[in-house]
Amino acid sequence: MSGNIELLNTTLAAAKAADRAALIAYLPAGFPTVDGGIEAVKAVIAGGADVVEIGLPHSDPVLDGPVIQTADDIALRGGVRIADVMRTVREAYEATGVPILVMTYWNPIDRYGVERFTAELAEAGGAGCILPDLPVQESALWREHADKHGLATVFVVAPSSQDARLATITAAGSGFVYAASLMGVTGTRASVGAQAQDLVGRTRATTDLPVCVGLGVSNAAQAAEVAEFADGVIVGSAFVKAMLDAPDEAAGLAAVRSLAGELAEGVRKR
């Protein structure tokens, strides 16, 4: 079975045709439970998310701040496994028809097996992977199997990335480019900053891929600000925090659906 890279491409193109940015939501698998995590993905999609990233919980999430680290710890203590990540992708995709990606560090894939991981992700209906710590120059094996199985390879670029480096990264990627709005880890911020707009402009000079901005966006006003210059707005910590702060799972699902609705309105205000 082939993965859903084309669904991802057409979804992002449709947002562009509607003269708006896409809303991309991030939630970790297995948080607060595997079943609860699946329902949370459905809730953000019901609220208006165009694309969802499913985090593969990791014990050393170097890109993630304390909010997502807390959720990952809950998921890992609950015994989450890669099979649960695949189940989350499958059930979310089958229920919604929305492109679902996995965001993961490289070590779990390396240990699981690249061919096995890509084949199972494609079979589950996944659209691709975001790989924040896989160097482009070491990515040939991954890209070979991702291409074979119809999966996008999304690399992360940062404000510190030089133009020549940007060109190398974007030439190897597919689906979209994940532009980190600032140097540092995930988390909500008071402002997204001018660095993000500069990075998007420099990245676009190297590629026709959509450029989507993550790290720091937590409310509709920030989403609208980023949507002025980016093809997609990526929100993670704000959704996870809404779940963590809720008194129970039902309240958490209502909170993330409501937040997705507010952010979806924000990305439409460019």
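Q: At what angle do the axes of helix α2 and helix α12 cross, and within what distance do they come?
A: This is a predicted model. In it, the axes of α2 (residues 34-47) and α12 (residues 249-267) cross at roughly 30° and come within 7 Å. That makes α2 roughly parallel to α12, because angles under 35 degrees count as such.

Q: Is the crossing of α2 and α12 right-handed or left-handed?
A: Right-handed.

Q: Which residues make the contact?
A: From α2, Gly36, Glu39, Ala40, Ala43, Val44, Ala46 and Gly47. From α12, Glu249, Leu253, Val256, Arg257, Ala260, Gly261 and Ala264.

Q: How do the residues of that contact divide into nonpolar, polar and charged?
A: Eight are nonpolar, three polar and three charged.

Q: Now the sheet. What is the strand order?
A: The sheet is open, with nine strands in the order β5-β4-β3-β2-β1-β9-β8-β7-β6 and parallel pairing. At the edges are β5 (152-154) and β6 (156-157); each has a single partner strand, so one side of each has no neighbour in the sheet.

Q: How many bridges pair β6 with β7?
A: Two, in the parallel sense. Val156 stands opposite Tyr178 of β7.

Q: Which strands does helix α4 touch?
A: Helix α4 (residues 82-96) packs on the sheet against β2 and β3, with its direction at about 160° to that of β3. Helix α11 lies across β1 and β9, running at about 50° to β1.

Q: What is the mean pLDDT, and where is it below 50?
A: The mean is 93, and 94% of the residues reach 70 or more. Over residues 183-190 the pLDDT is below 50. Where pLDDT is low, the predicted coordinates should not be read in detail.

Definitions and conventions: Residues numbered from 1 in each chain as written. Predicted model: local features only at pLDDT ≥ 70, side-chain atom pairs only at ≥ 80, totals over all residues. Heavy atoms only, no water. Axes fitted to C-alpha atoms, helices over the stretch in contact; angles between N-to-C directions. Helix = DSSP H or I, 4+ residues; strand = E, 2+ residues; numbered from the N terminus. Parallel < 35°, antiparallel > 145°, perpendicular 65-115°, else oblique. Left-handed = near helix turned anticlockwise from the far one by under 90°. Contact = heavy atoms within 4.5 Å. Nonpolar A, V, L, I, M, F, W, Y, C, P; charged D, E, K, R; others polar. pLDDT = per-residue confidence, 0-100. Pairing = 2+ DSSP bridges.
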